[in-house]
Amino acid sequence: MHHHRALCERAVSPLEIAAGLEAHGLTDRTAARYRHRDVFALAEELYARTPAGPAEPPPPVAPAPHPDAGARAGWTLLALLPGAACLATAGVLRLTEGALGGGARAAVTLTGALLACLALRLCLRRGPLRAPEGAGRAGLYACWLLSFAVYGEELIAQVISGGPDGPWQPSPAPLLGLAAAIAPAAWCAHLFTVRARRRLEGSRALEEFGAGVRPLLLGAVALFLCALLPLLHLAGLGLGGTGTPVAAAALGVLFFLARLLAAHGLPGPGTVALAAACAVEAAAPALVLAARLPGLDPLARPVHALVEAGGTGAVPALACGAASLGLLVHASAALSRASAHTRT
């Protein structure tokens with residue numbers, strides 16, 4: 001009680017103390033040493049024994065008040081800017097097709113990419129997608145994954161056919177769809193955060209809170225996927241994409257989960273998942289190229305089998321899909337802890 005006095009004095013409910021104890025690494029086994037059945041029972045006694053704090057206590061460890069309509073409108077507008085920049089760039093390139101030379105079109109593309117990156121940076125600094133502790137090297141891995149989404153399938157096709165032997169034809173449709181999906185991602189993250197904090201306020205035990213948060217997480221991911229797939233389909237129709245955007249959808253879910261964890265103070269697992277997806281995508285063409293050396297033919301067999309079964313898009317789909325699934329399993333455990341939803 002003396003060690004956690006500051007936490008106990010500013011808490012307004014036993015569950016806040018339980019969340020703080022959990023964040024400090026206390027488990028039910030530790031609570032048993034103090035003759036309590038679990039952490040929540042220990043928190044109840046601490047809450048009852050600790051006298052009230054001073055008249056003007058520091059801010060409590062409690063969910064922050066919900067943002068008002070003006071704040072929501074602000075970060076919603078920022079979340080729309082990356083998609084708007086990509087859409088405007090694609091529109092200019094489509095309208096000026098045949099009228100501008102290669103250099104001018106490259107300048108328009110570069111300008112649009114810079115504007116989209118600037119808009120994305122602004123959008124990730126505010127709202128529900130803001131990561132208070134930063135995202136580490138996740139930005140570098142995200143750049144690789146986005147580049148592979150645009151050029152990867154053509155690269156794999158040329159490598160398998162004996163190349164690379166020419167310029168890679170880009171597929172910008174996934175980039176446009178993912179940029180447009182930032183606004184739905186922000187709203188899905190906002191809904192999950194608000195519902196989880198309401199669940200935290202109304203729960204009477206940590207197990208009850210965890211059991212209620214897991215369906216909220218799955219619902220947020222499903223809702224984001226339902227918004228992402230139509231946007232990817234529309235982007236493919238507008239830019240001449242073909243097939244079902246399975247790889248782009250898996251990449252979008254991977255980005256969403258990684259940013260959601262980072263927004264709750266857990267950037268490490270998302271960075272690892274992004275790095276794993278990058279490693280798989282880089283390994284596919286590397287194995288095919290290495291198989292050209294004498295005696296190393298078996299190295300390329302997994303890649304050839306995967307491409308024959310699902311096309312060149314099966315490589316990024318497998319890489320991002322497996323990383324998304326693993327990250328979802330981790331997030332269902334990490335975000336079901338009360339300490340992930342409290343703010344000091």
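The following legends describe an overview and several close-up views of one predicted protein model.

Residues are numbered from 1 along each chain as its sequence is written, and side-chain values use heavy atoms, with hydrogens and water left out. Because the model is predicted, local features need pLDDT of at least 70 and side-chain atom pairs count only at pLDDT 80 or more, while totals for chains, interfaces and linings use all residues.

**Figure 1. The protein chain contains 14 helices and zero strands.** Helices (H or I, at least four residues) and strands (E, at least two) are DSSP runs, numbered from the N terminus. Of the 344 residues, 42% count as buried (buried means under 20% relative accessible area, exposed over 50%, partly exposed in between, with a 1.4 Å probe and protein chains only). Among contacts (heavy atoms within 4.5 Å) with a separation of 6 or more, 75% join residues 24 or more positions apart. The accessible surface of the chain, computed by the Shrake-Rupley method with a 1.4 Å probe, is about 17,800 Å², and carbon and sulfur atoms contribute 64% of this area.

**Figure 2. W187, L191 and L223 form a nonpolar surface patch of about 260 Å².** Patches are made of residues with over 30% relative accessible area and no salt bridge; like charges are joined within 9 Å, and nonpolar side chains (Val, Leu, Ile, Met, Phe, Trp, Tyr) within 5 Å. A salt bridge is a side-chain nitrogen of Lys or Arg within 4 Å of a carboxyl oxygen of Asp or Glu. L223 belongs to helix α10 (residues 206-239) and counts as partly exposed because its relative accessibility is 43%. Residues up to four places away in sequence aside, L223 touches C188 and L191. The C-alpha atoms of L223 and C188 are 7.0 Å apart, although 35 residues separate the two in sequence.

**Figure 3. Helix α13 (residues 301-310) and helix α14 (residues 314-334) cross at roughly 105 degrees, their axes coming within 8 Å.** Helix α13 is therefore roughly perpendicular to α14 (65 to 115 degrees; under 35 counts as roughly parallel, over 145 as roughly antiparallel and the rest as oblique). Axes are lines fitted to C-alpha atoms, for helices over the stretch in contact, and angles run from 0 to 180 degrees between N-to-C directions. Where the helices meet, L306, V307 and G310 of α13 face A314, V315 and L318 of α14 in contact.

**Figure 4. S324 is located in helix α14.** S324 counts as buried because its relative accessibility is 7%. Apart from neighbours within four places in sequence, S324 contacts A250, V253, L254 and L257.
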